[in-house]
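This report covers salt bridges and helix packing. The model is a predicted one.

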Amino acid sequence: MYKATIGTNAGKVWHALQETTEIKLPDLATKLCLSVEDTALAIGWLARESKIFIRQKDNEIWVSEKPEIMFSFG
């Protein structure tokens with residue numbers, strides 16, 4: 001896959017994450033009509049730029065635009 005295609009898919013992922021709080025990787029791929037592999041490459045691109053957050057929950061990969069708030073003080 002070419003770098004430009006991964007970049008284009010990263011843009012699709014970025015815009016999709018603006019519309020949701022958190023989404024599972026396979027669900028995001030389905031929403032974007034991309035393969036899970038192409039979606040994962042795009043997520044990697046955005047994660048490298050620190051633009052998204054990835055976590056594992058219940059043995060599944062979840063992606064979000066904002067970090068999950070683990071603790072709240074005050």
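## Salt bridges

Lysine 31 and glutamate 19 form a salt bridge, with their closest N and O atoms 3.4 Å apart. The pair links distant parts of the chain: lysine 31 sits in helix α2, glutamate 19 in the loop between α1 and β1, 12 residues apart. Lysine 31 is partly exposed at 42% relative accessibility. Glutamate 19 is exposed at 61%.

Lysine 24 and glutamate 60 make another salt bridge, 3.7 Å from N to O. Here strand β1 supplies lysine 24 and strand β3 supplies glutamate 60, 36 residues apart. Lysine 24 is partly exposed, with a relative accessible area of 23%. Glutamate 60 is also partly exposed, at 32%. Glutamate 65 bridges to lysine 66 at 3.8 Å. Salt bridges with shared partners join Glu22, Arg55 and Lys57 into one network. The structure holds 6 salt bridges.

## The buried face of α2

Leu25, Leu28, Ala29 and Leu32 are buried in α2. Viewed down the helix axis, the buried residues fall within an arc of 100°, so they line one face of α2. They pack against α1, β1, α3 and β3. Cysteine 33 follows α2 and has a positive phi, near 55°.

## Packing of α2 on α3

Helix α2 spans residues 25–32 and helix α3 residues 36–48. They pack at about 105°, with axes 9 Å apart. The two helices are therefore roughly perpendicular.

From α2, Leu25, Pro26, Leu28 and Ala29 meet Val36, Thr39, Ala40 and Ile43 of α3. The contact residues comprise 7 nonpolar, 1 polar and no charged.

Methods: Residues are numbered from 1 along each chain as its sequence is written. This is a predicted model: local features need pLDDT of at least 70, side-chain atom pairs count only at pLDDT 80 or more; totals for chains, interfaces and linings use all residues. Side-chain values use heavy atoms; hydrogens and water are left out. Axes are lines fitted to C-alpha atoms, for helices over the stretch in contact, and angles run from 0 to 180 degrees between N-to-C directions. Helices (H or I, at least four residues) and strands (E, at least two) are DSSP runs, numbered from the N terminus. Angles under 35 degrees count as roughly parallel, over 145 as roughly antiparallel, 65 to 115 as roughly perpendicular and the rest as oblique. Contact means heavy atoms within 4.5 Å. Ala, Val, Leu, Ile, Met, Phe, Trp, Tyr, Cys and Pro count as nonpolar, Asp, Glu, Lys and Arg as charged, and the others, Gly among them, as polar. Buried means under 20% relative accessible area, exposed over 50%, partly exposed in between (1.4 Å probe, protein chains only). The arc is that of the directions from the helix axis to the C-beta atoms. A salt bridge is a side-chain nitrogen of Lys or Arg within 4 Å of a carboxyl oxygen of Asp or Glu.
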